[in-house]
Amino acid sequence: MYSKVFSGIPAGIDGMLITVETDISNGLPGFDLVGYLSSSVREAKERVRSALKNSDCSLPSRKITVNLSPADVRKNGSGFDLAIAVSVLISMEIIPQNEIFGESIFLGELSLNGRVLPVSGVLPVVHHAFKQGIKTVFVPEENVREAELIHGLNVVGIRNVKDIIEYFLYGVIVGRDGSEAKVTDEIPNGKNISNERIISNEAAASEIMNVPDFSDVRGQESAKRGMVIAAAGFHNILMTGEAGAGKSMMAKAMSGILPKMTYDEMLELTKIYSVAGMLSRGNQLMNVRPYRAPHYTISETALIGGGDRPKPGEVSLASGGVLFLDEFPHFKSSVIEALRLPLEDRCVTVSRVKASYTYPAKFMLVAARNNCPCGFYPDESRCSCTWREIISYQNKISHPVMDRIDIKMEIRKLTYEEMFRPEPGTGTAEMLKDVETARERQAFRFREEKWNYNSEIPQNKVETYIKINDYCSRLMMDLYNSTGISARGYFKVMKLIRTIADINDREEIREEDVHEALFYRNEVTL
């Protein structure tokens with residue numbers, strides 16, 4: 001007997017529907033899986049065989065053929081087990097044919113005793129399936145809350161193979177507490193529970209991250225202003241200064257002044273973590289902007305993404321938040337240079353022979369470096385580096401990478417008086433108000449566009465959204481003619497100017513906005 005059900009597979013942070021067909025016919029007994037399968041999928045026949053046997057549904061001594069299509073797409077992972085088992089049970093006539101199979105998908109791994117185990121990448125798959133007209137998803141119990149984030153789907157949590165048989169034979173699944181979930185019951189979707197989930201997730205995240213307050217950073221008021229500009233327009237930033245001046249602490253505090261995420265940003269970030277297998281067991285919608293700080297020994301693949309089974313790297317895991325690269329020149333040259341495309345394109349494409357995977361990389365780069373390898377320059381009484389070592393250290397970051405960094409700040413050592421001044425410095429709450437003011441202006445300005453921040457304005461839209469008067473135009477012309485600034489650098493200065501005016505809560509761009517942008521861009525002193 002022939003049967004057909006649907007499953008799915010992540011493709012980047014999107015999904016793809018996979019058709020699982022089974023045919024049981026007379027012939028030499030055997031269980032064959034076909035359809036361009038990885039070893040983890042080919043091994044599914046042994047998991048399915050044992051799971052069905054231990055669920056009192058032994059396979060018949062007949063020829064069983066299971067096909068996963070489309071045949072030209074490589075299938076990876078163990079998430080097809082449940083769909084294969086259901087398809088086989090239909091062909092064995094244990095589960096009756098039902099119209100629901102045409103509008104349902106099945107995701108889950110099977111253990112040998114019939115238990116349905118959680119899998120990664122559920123969210124992008126069910127989101128894609130919903131857009132393709134799928135109405136019901138059958139997933140492991142541990143993945144139910146993740147699937148419920150897609151509003152309007154009927155989500156059924158499955159504990160074991162017997163649950164799926166009960167569902168289609170008797171219309172109920174008996175819960176652990178003895179309660180019965182009927183087939184016609186509405187499963188609460190994400191729209192009903194998202195507010196509770198967002199609040200609990202935000203509280204838990206802030207407690208775990210332990211974000212410092214900017215008021216704990218002594219002095220450095222000019223640097224704090226630069227951090228506000230970076231956060232308001234989502235600009236990349238590089239801090240250079242003596243070791244111990246507060247660079248790392250300000251980078252960690254940056255998370256506290258980033259604006260709240262939009263729902264689309266939350267959903268996209270949750271998809272990324274789902275594909276990476278890093279979504280928490282609560283499977284909550286991720287509404288707190290990420291802060292990622294990989295060590296400088298990280299490999300290019302771990303930072304950018306890829307691998308034998310492509311997964312998102314740190315640049316994608318930091319999407320919508322901060323990617324902090326401390327001791328920036330100590331990263332391998334190949335790793336630093338690999339940042340060029342993600343910084344420019346805001347995405348990463350991993351290409352393979354049969355497919356390519358695209359992951360968002362909408363991160364804000366916050367990098368820090370010392371003035372020299374030992375960290376004491378320009379204090380010549382303590383610095384032991386030669387001039388050649390200092391130049392080599394500072395040149396480790398190439399011009400193309402530096403050109404993609406909007407703000408370049410010098411962090412100087414504090415005096416004793418500045419360190420122990422009794423008046424508190426600018427704190428996170430005050431800085432966040434400036435960021436939110438700028439963010440509100442950007443949200444209104446770009447309400448009909450596909451981007452959210454000034455740093456994302458395409459070059460062909462710069463003149464549309466950034467209008468400067470004649471005097472400011474002459475300042476920018478002098479900058480371009482008298483320095484070696486590139487066209488990219490020029491437009492980055494223009495975007496900084498727009499963000500500074502937004503922080504000052506005005507549409508009009510003034511002369512002081514241009515001077516401040518040039519100061520933080522650190523290309524030239526006028």
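A nonpolar core here is a set of buried Ala, Val, Leu, Ile, Met, Phe, Trp, Tyr and Cys residues joined through side-chain atoms within 4.5 Å. The notes below concern a predicted model.

1. **Main core.** The largest nonpolar core has 58 residues. Those with the most contacts inside it are I105, V126, V137, V315, F328, L339 and F363. Helix 10 (residues 263–275) gives the most to this core: 6 residues.

2. **V126 within that core.** Leaving aside residues up to four places away in sequence, V126 touches I105, L107, V137, A147, I150 and L153. I105 and V137 are also on the list of residues with the most contacts inside the core.

3. Another core lies apart from the largest one. This other core has 56 residues, including M250, M254, I497 and V514.

4. **Helix 8 against helix 21.** The axes of helix 8 (residues 221–233) and helix 21 (residues 487–503) come within 9 Å. They cross at roughly 100°. Angles of 65 to 115 degrees count as roughly perpendicular, so helix 8 and helix 21 are roughly perpendicular to each other.

5. **Residues at that crossing.** Helix 8 contributes R225, V228, I229, A232 and G233. Helix 21 contributes L496, T499, I500 and I503. By class, the contact has 6 nonpolar, 2 polar and 1 charged residues.

6. **Strand 20.** Strand 20 (residues 407–411) is mostly covered, with 4 of its 5 residues buried. Strand 20 pairs with strand 12 (residues 237–241) in the parallel sense, over 5 bridges. T240 has E410 of strand 20 as its bridge partner.

Methods:
Residues are numbered from 1 along each chain as its sequence is written. This is a predicted model: local features need pLDDT of at least 70, side-chain atom pairs count only at pLDDT 80 or more; totals for chains, interfaces and linings use all residues. Side-chain values use heavy atoms; hydrogens and water are left out. Axes are lines fitted to C-alpha atoms, for helices over the stretch in contact, and angles run from 0 to 180 degrees between N-to-C directions. Helices (H or I, at least four residues) and strands (E, at least two) are DSSP runs, numbered from the N terminus. Angles under 35 degrees count as roughly parallel, over 145 as roughly antiparallel, 65 to 115 as roughly perpendicular and the rest as oblique. Contact means heavy atoms within 4.5 Å. Ala, Val, Leu, Ile, Met, Phe, Trp, Tyr, Cys and Pro count as nonpolar, Asp, Glu, Lys and Arg as charged, and the others, Gly among them, as polar. Buried means under 20% relative accessible area, exposed over 50%, partly exposed in between (1.4 Å probe, protein chains only). Two strands pair if DSSP finds at least two bridges between them.
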